[in-house]
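Reader: I have a protein model to learn from, and I am new to this. Can we go through it by question and answer?

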Amino acid sequence: MKIIPLQNKQKLLLNKAIDNNREAQQQLFEQHSPKMLGVCRQYVKDLHHAEDLLLTGFLKVFTNLHRFKHEGSFEGWIRRIMVNTCISYLRKKNLVDLSDEEYVFNDAATESLENTSVEDIQKLIDKLPDGYKMVFNLFAIEGFKHSEIAAQLGVSESTSKSQLFKARKLLQANYYKMNKTIHENK
């Protein structure tokens with residue numbers, strides 16, 4: 001019984017926002033901006049740039065709100081806009097290198113992530129080259145298929161798969177180095 005009133009409340013709020021009701025738009029922004037800042041932060045290291053992209057993304061959200069068809073979740077729709085905004089920014093700034101350069105990886109076995117904080121994991125992801133990071137985020141976090149990633153980034157599926165493989169190997173190597181440093185300092 002509680003689900004229907006919540007859905008009706010969300011639809012009412014969305015309809016008010018479509019009619020340029022600033023209070024409704026503010027309420028939607030406040031509801032979704034913390035999580036969406038996290039999404040932007042996954043793609044862009046610098047917090048100030050991530051905040052700028054969040055605002056740019058919400059401008060797109062409110063401009064295109066009338067296109068939301070209430071199929072699927074509203075949060076998922078906003079998330080997709082934020083991801084696309086970040087990808088467009090990175091591509092425009094030529095910050096993404098999706099080349100097939102060779103990197104040397106350390107294949108040492110890694111320890112469990114159980115004792116690793118979210119902040120440390122984010123730092124490891126931030127150390128990835130932008131191309132690796134983007135493909136890793138799209139695949140591992142957003143759940144895109146390689147065919148979707150390839151289409152979105154304008155690369156082949158094999159390039160997407162290669163970038164993901166290299167991202168994982170580099171994450172493993174950096175995780176191993178981080179743990180080795182921690183254990184040496186104890």
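The questions below go from the overall fold to single residues.

Reader: What kind of model is this, and how many helices and strands does the protein have?

Author: This is a predicted model. From the N terminus on, the elements run α-α-α-α-α-α-α-α. The count is 8 helices and 0 strands.

Reader: What percentage of the residues count as buried?

Author: A residue is buried when its relative accessible area is under 20%. The protein has 186 residues. The part of them that counts as buried is 35%.

Reader: How much accessible surface does the protein have, and what share of it belongs to carbon and sulfur atoms?

Author: The accessible surface comes to about 11600 Å². The share that belongs to carbon and sulfur atoms is 52%.

Reader: What is the reach of α3 from its first C-alpha to its last?

Author: Helix α3 has 17 residues. At 1.5 Å a residue, 24 Å is expected. The reach in the model is close to that, at 24 Å.

Reader: Why are the buried residues of α3 on the same side, and how wide is their arc?

Author: In α3, A50, L53, L54, G57, F58 and V61 are buried. They lie on the same side of α3 because they cover only a limited arc around the axis. That arc is 140°.

Reader: What covers the buried residues of α3, and which exposed residues sit on the face turned away?

Author: The cover over the buried residues includes α2 and α4. The face turned away from the buried side carries exposed residues. They are H48, L55 and L59.

Reader: At the start of α3, which residue has a side-chain oxygen that reaches the backbone nitrogen of H48?

Author: Look at the start of α3. The oxygen comes to within 3.0 Å of the backbone nitrogen of H48. The residue it belongs to is D46.

Reader: Is D126 buried or exposed, and which side chain does its own side chain meet in a polar contact?

Author: D126 is in helix α5. Its relative accessibility is 11%, so D126 counts as buried. Leaving out residues up to four places away in sequence, D126 touches R41, K45 and K133. The polar contact, at 2.6 Å, is with the side chain of R41.

Reader: How far apart in space are Q163 and G131, C-alpha to C-alpha?

Author: Q163 is in helix α8. With a relative accessible area of 0%, Q163 is buried. Q163 and G131 are 32 residues apart in sequence. In space, C-alpha to C-alpha, they are 7.2 Å apart.

Reader: Why do the buried residues of α7 lie on the same side, and what arc do they cover?

Author: The buried residues in α7 are H146, I149, A150 and L153. They lie on the same side of α7 because the arc they cover around the axis is only 100°.

Reader: What is the phi of H70?

Author: Most residues other than glycine have a negative phi. H70 is not a glycine, yet its phi is positive. H70 is found in the loop between α3 and α4. Its phi is about 60°.

Key
Residues numbered from 1 in each chain as written. Predicted model: local features only at pLDDT ≥ 70, side-chain atom pairs only at ≥ 80, totals over all residues. Heavy atoms only, no water. Helix = DSSP H or I, 4+ residues; strand = E, 2+ residues; numbered from the N terminus. Buried < 20%, exposed > 50% of the residue type's maximum accessible area, 1.4 Å probe, protein only. Areas by Shrake-Rupley, 256 points an atom, 1.4 Å probe, with all protein chains shown as cover. Expected span 1.5 Å × (residues − 1). Arc of directions from axis to C-beta. Contact = heavy atoms within 4.5 Å. Polar contact = N/O pair within 3.5 Å; in protein donor to acceptor, adjacent residues only side chain to side chain.
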